[in-house]
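Q: Could you take me through one part of this model closely, the sheet, and then show me what lies elsewhere in the chain? I'd like the cut-offs spelled out as you go.

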Amino acid sequence: MTIHQPFLSRPRIADRAHSLKDHLLAVGQQTTDRLPEDYKRLGAIAGWLHDLGKLHPDIQTAFEKLSRGEKNERLPPHAIYGAMLFPDILELALPIAGHHRGLYDVSNSGDRPCFTQICDDFFSSPDEVALLETMKAWANQELDPLTPPPHEGSLSREMATRMIFSALVDSDRLDVARFEGQQVDFTYPAIELLCHQLTSFQERLIATAEPTPTNRVRAEIYREAIQQARSPRGFFRLTAPTGGGKTLTMLSAALEHCNRHQMDGVIIVPPLTTIIEQSAQVYRDILGDAVLEVHSNFDQDSLEHSQQNTYKILSQRWDSPVVVSSSVQFFESLFANHPRKCRKVHQYQNRVIILDEVQSLPIGLLDPILFALRQLVEEWGCSVFLCSATQPAFEKLPGFKAGIQELVPTEFVKNHFQTLQRVDYEFLPQPLNWEAIADMASGFKNAVFVVNTKADAARGFLTLRDRFGEDCLYHLSTTMCMAHRRLVLAEVKAKLSRGSRVYLVSTQIIEAGVDVDFEYGFRQWAGLDAIAQTAGRVNRNGKRSTGTLFVFELEDASKVSKDYQFRINVAKSLGSTNLHDPATFGEYFKRLHGGIRDKRDEFGIQKLRQQWKFEAVANRFKIIEPDGDRVSAIVEFDDQARSLIHSLLEGVKVPFTRLQPYIVSVRKKDCVQVQSLFTQEDSDLVIWQGDYHQSLGISAVVDPT
């Protein structure tokens with residue numbers, strides 16, 4: 001085969017040609033710029049070779065036809081050619097081969113194509129090998145001698161492959177977008193300026209605050225954290241009680257750390273959308289557009305059209321100095337293989353990663369998560385801040401092997417917890433039924449009742465309704481759609497602020513990121529961290545000298561999972577312990593993690609990473625474990641929901657973010673009450689036609705286990 005000039009990287013736009021050589025050189029340079037010194041050469045070669053296959057005569061002919069407006073048959077694959085120049089250097093070959101399709105598994109993984117088989121098929125074709133030699137000669141003449149450096153260490157190489165892949169994908173997409181005339185280049189304030197802005201805000205806040213014990217603790221936590229944040233990069237821990245000003249302190253310390261070490265920014269990773277939304281708003285009010293909020297519930301429709309395009313680029317790239325996103329987005333992207341998810345991952349390097357409510361990390365993925373965080377710290381210039389009032393003792397785990405520096409010295413932390421003690425815990429010795437709970441609560445003006453299952457929450461609501469009536473009693477669980485839950489919380493907050501009588505029966509959905517303040521709480525036995533989270537909804541604002549949280553055993557309670565029951569058992573093994581002592585939680589997590597050492601990598605992620613099985617890792621690594629027995633049901637909660645359902649049935653494509661407020665997860669066997677089944681943006685959805693209870697949601701008509 002022969003190759004004919006000139007070479008295009010894609011069809012012309014209005015007679016403007018995007019030269020293949022210019023594209024390869026540009027992507028090579030941009031990929032280089034996005035990687036540290038040890039990987040710049042590999043990044044450059046990956047950029048130069050990623051589209052080398054577009055020299056293929058059939059592809060160039062197709063581009064010419066498409067430029068003239070003619071139809072063309074499907075283009076032959078092009079990514080494989082550049083990869084075949086260095087099939088044994090996987091850090092190069094895999095990113096190039098997968099820059100459209102995604103990273104392959106190196107060896108066989110069932111019925112999925114693997115890289116080894118692709119290589120065998122390619123080199124068994126003399127015509128393909130001859131064409132590759134021609135392409136190689138062109139590349140050596142037009143680009144640069146292709147001499148990549150060696151690199152050793154299996155998991156180090158595997159992580160490097162992810163970073164090179166991410167940088168390559170991002171550089172490729174940006175160069176194409178620039179050719180198409182899209183706005184993709186944005187400027188941000190320097191880290192030094194953002195650090196100064198937040199420091200000035202904090203100092204003004206401290207200077208004007210009343211000299212209360214709470215404000216003195218907040219100031220001390222802030223000043224200690226800022227001082228310790230000037231230490232060298234590594235793992236840090238911020239332990240602060242509820243009300244200790246953790247939200248602002250952790251970002252202030254992170255920006256101080258960035259400024260001290262010339263780092264690129266901060267990624268804040270809370271576990272729940274409610275925390276993300278609240279934190280991002282606080283940060284935006286101070287730092288403006290330097291803050292990027294990314295999660296599945298973000299309402300892009302509220303933005304102007306031009307802002308929507310900008311947000312789309314930013315949310316794919318994460319190059320803003322301050323990013324607030326979910327643990328699902330952060331970790332599943334790090335372990336992903338698809339270009340869209342992986343595009344942002346190279347932005348993780350040289351940043352401070354804040355894991356808020358770090359105790360929420362899933363135990364079944366704990367070992368691969370902690371190992372990857374160690375790699376980011378030791379090999380990619382990151383620091384990791386572990387933030388919580390209920391800190392896990394990760395340093396006690398045998399495989400962690402990393403020191404953790406306290407942002408607030410231990411001798412201060414215990415005093416802070418004692419000073420900000422707002423809740424008394426009462427561990428009730430005898431099991432209670434809902435009638436007995438109602439008897440205890442009848443003398444309270446307001447109370448929150450938190451149980452472990454949706455079924456028990458529904459039963460508790462129905463029992464308490466007979467005692468308290470419906471005007472002051474509310475229910476909250478995931479049997480209700482998000483729009484319904486938000487409405488309930490707004491009504492509960494309004495009644496609490498007015499001092500009205502109000503009671504709320506909830507699952508643990510209430511426990512983190514929900515700003516409510518009850519005088520009394522009832523918490524069914526759970527893990528100690530869950531009990532402490534419920535306590536954070538009692539006397540939250542310190543309006544009273546103390547609130548009370550009753551911890552109880554529920555009679556005839558629904559069964560929970562084995563893992564959840566193990567958490568309960570570990571909590572009970574500590575007895576009626578002092579939950580105002582942070583050391584209690586260290587002991588709790590030591591026993592918890594030590595008792596399930598064989599489940600900390602439940603899905604075998606580490607072994608798959610060692611085998612370079614990128615697709616298998618991506619399929620198995622899920623922060624929220626998918627339930628194949630459930631589907632997402634859209635409910636007709638209000639007029640807006642009915643309008644969206646009508647549009648769907650008319651064949652109109654509705655953005656998933658607009659549907660999400662009206663979705664409830666339902667078991668497939670209950671989906672006899674549905675109108676249709678279809679796929680919308682990679683999600684299987686059904687339209688619920690059964691009853692939807694005004695207080696309980698779908699749980700009124702199906703067993704909510």
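A: The sheet is open and has 7 strands, in the order 3-4-2-5-6-1-7, with parallel pairing. Here strands are DSSP runs of E with at least two residues, helices are runs of H or I with at least four, and both are numbered from the N terminus; two strands pair if DSSP finds at least two bridges between them. At the edges sit strand 3 (291-294) and strand 7 (404-406), each pairing on one side only. From one strand to the next, the twist averages 20°. Strand 7 pairs with strand 1 (residues 235-239) in the parallel sense over 3 bridges, and Phe235 has Ile404 in strand 7 as its bridge partner.

A word on the source: this is a predicted model, where local features need pLDDT of at least 70, side-chain atom pairs count only at pLDDT 80 or more, and totals for chains, interfaces and linings use all residues. Residues are numbered from 1 along each chain as its sequence is written, and side-chain values use heavy atoms, with hydrogens and water left out. The pLDDT (the predictor's confidence in each residue, from 0 to 100) averages 88 over the protein chain, and 92% of the residues score at least 70. Over residues 700-705, though, the pLDDT is below 50, and this stretch has 15 contacts in the model beyond near neighbours in sequence; a contact means heavy atoms within 4.5 Å. Where pLDDT is low, the predicted coordinates should not be read in detail.

Now for some helices. Helix 14 (residues 327-334) packs against helix 16 (residues 366-379) at an angle of about 75°, with the axes 11 Å apart. Axes are lines fitted to C-alpha atoms, for helices over the stretch in contact, and angles run from 0 to 180 degrees between N-to-C directions. The two helices are therefore roughly perpendicular to each other, a label for angles of 65 to 115 degrees. Phe330, Phe331 and Leu334 in helix 14 meet Ile369, Ala372, Leu373 and Leu376 in helix 16.

Ala83 is found in helix 4 (residues 79-85). Ala83 is buried, with a relative accessible area of 0%; buried means under 20% relative accessible area, with a 1.4 Å probe and protein chains only. Not counting residues up to four places away in sequence, Ala83 touches Ala93, Ile96, Ala97 and Phe115. In helix 3 (residues 57-67), the buried residues include Ile59 and Phe63. Gly69, which follows helix 3, has a positive phi, near 85°.

Definitions and conventions. Buried means under 20% relative accessible area, exposed over 50%, partly exposed in between (1.4 Å probe, protein chains only). Angles under 35 degrees count as roughly parallel, over 145 as roughly antiparallel, 65 to 115 as roughly perpendicular and the rest as oblique.
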